[in-house]
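Let's learn to read a protein model together, one feature at a time. Have a look at the sequence and the structure first.

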Amino acid sequence: MERYKVNIHALATTANEMVANGKGLLAIDESTETCNRRFAQWDIAQTAEAHRRYRELIVSTPGLNESISGAILYDETIRQKKDDGTPFATALAAIGILPGIKVDRGAKEMPAFPGEKITEGLDGLRTRLAEYLAMGARFAKWRAVFSIGGGTPSRGCIESNAHALARYAALCQEAGLVPVVEPEVLMEGDHTLDVCSEITGRVLRTVFEELYSQRVQLEAMILKPNMVLPGLTCPTQNTVEEVSDATVRCLLRSVPAAIPGIVFLSGGQSGELASARLNAMNVRYKSRLPWELSFSYGRAIQEPALEIWHGEQANVIPAQEALYHRAKCDASAHRGRYDAAVEADHREIPAPALIANVYAGSAR
Ligand code: 13P
């Protein structure tokens with residue numbers, strides 16, 4: 001019992017570090033299938049070695065640690081190494097970026113609930129968490145998905161996914177990893193902002209009920225929700241301010257003050273919109289919020305870099321500059337300081353220094 005208490009205190013410290021100093025998380029935890037799908041869009045080879053080279057480009061980006069506090073890896077990636085033999089988790093830790101790991105095994109068709117998904121991965125999780133901890137992971141992530149439309153999400157889908165999230169979170173805290181709890185209400189559909197708000201609120205309240213009943217310590221976890229947004233095909237696309245107001249109102253009504261931070265997923269928003277909306281929330285509400293409001297973006301940080309890289313070694317430097325830039329915009333948004341000038345300010349790194357840095361694997 002005593003050991004468990006000490007453990008929770010250390011985990012709470014890590015959870016606070018994940019959202020401190022205006023920084024946020026970088027999600028590079030695409031599963032093999034998702035990574036291959038993204039690579040296929042740009043005719044990039046879909047091999048484990050191509051995944052490795054892309055992740056090396058990312059973790060070696062000079063200055064990434066100015067904006068990024070933690071990076072979420074995938075099972076394949078946490079087992080891979082840089083060209084110089086340094087495991088990715090070790091390379092991240094060396095530059096002050098906490099290594100994290102996606103531990104769910106994907107959202108699968110839910111029996112008897114057509115069109116809905118249940119996230120799998122609880123069986124054997126205790127053993128896998130111990131292995132990831134030994135590899136250097138400090139936090140973990142589990143994603144549940146909910147789609148809006150035609151009577152979904154159902155109560156059965158919300159409750160079973162919330163229960164799995166809470167069981168996962170409890171196992172993480174026992175293992176010594178900070179759980180990032182990710183219930184994602186998807187953007188696909190023609191629903192309005194109000195409908196997204198109603199459903200996101202219902203999902204979050206159910207998730208926290210389950211977290212309480214599984215005795216998850218709220219001070220030692222991070223919530224990773226969607227922003228409250230109108231559906232992609234909704235005729236009314238709300239302003240940045242309307243999205244920011246609806247999102248903060250929904251979170252204030254549903255998320256306990258005890259958690260240290262909320263980090264949004266980007267969910268298919270453009271990089272610019274994901275920065276602008278997060279910024280508006282922090283500009284308009286920061287002094288009234290009990291938790292840090294930050295980011296844990298995948299596509300919204302990586303997309304320009306992936307397009308520029310195109311699988312070519314010659315494009316590594318401009319791709320890293322694009323990645324650095326988007327991460328910097330998001331960190332500015334966490335601080336409520338993102339604007340057109342920040343968006344326009346592309347930093348250029350002298351090529352020789354950067355090349356030396358990439359291949360030496362040193363921190364900057
Ligand atoms: P996106 O920001 O691309 O939605 O990815 C975040 C994530 O981790 C999804 O699980």
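The dialogue below goes through several features of this model.

Q: What should I know before I start?
A: This is a predicted model, where local features need pLDDT of at least 70, side-chain atom pairs count only at pLDDT 80 or more, and totals for chains, interfaces and linings use all residues. Residues are numbered from 1 along each chain as its sequence is written, and side-chain values use heavy atoms, leaving out hydrogens and water.

Q: What average pLDDT does the chain have?
A: pLDDT is the predictor's confidence in each residue, from 0 to 100. Here the chain averages 94, and 94% of the residues score at least 70. Over residues 350-364, however, the pLDDT is below 50. Beyond near neighbours in sequence, that stretch has 28 contacts (heavy atoms within 4.5 Å) in the model.

Q: Which residues of α9 are buried?
A: Buried means under 20% relative accessible area, exposed over 50%, and partly exposed in between (1.4 Å probe, protein chains only). Among the buried residues of α9 are Val-243, Ala-246, Val-248 and Leu-251. Their cover includes α8 (193-213), β9 (261-264), α10 (271-285) and β10 (292-297).

Q: Which residues are closest to the ligand?
A: A residue is near a molecule if one of its heavy atoms lies within 4 Å of it. In this model 13 residues surround the ligand, and the closest are Lys-141, Lys-224, Ser-266, Gly-267 and Arg-299. An N or O atom in the side chain of Lys-141 is 2.5 Å from a ligand oxygen atom, and for a polar side-chain atom of Lys-224 the distance to a ligand oxygen is 2.6 Å. Gly-267 has a polar backbone atom 2.7 Å from an oxygen atom of the ligand.

Q: Where is there a cis peptide bond?
A: Most peptide bonds are trans. Thr-152 and Pro-153 are joined by a cis one, with omega about 0 degrees. Pro-153 sits in the loop between β6 (139-146) and α7 (155-175).

Q: Is Asn-21 buried or exposed?
A: Asn-21 is exposed, at 64% relative accessible area. Its phi is near 55 degrees, a positive value in a residue other than glycine.

Definitions and conventions: Helices (H or I, at least four residues) and strands (E, at least two) are DSSP runs, numbered from the N terminus. A polar contact is a pair of N or O atoms within 3.5 Å; within protein, one must be able to donate a hydrogen and the other to accept it, and residues adjacent in sequence count only if both atoms are side-chain atoms.
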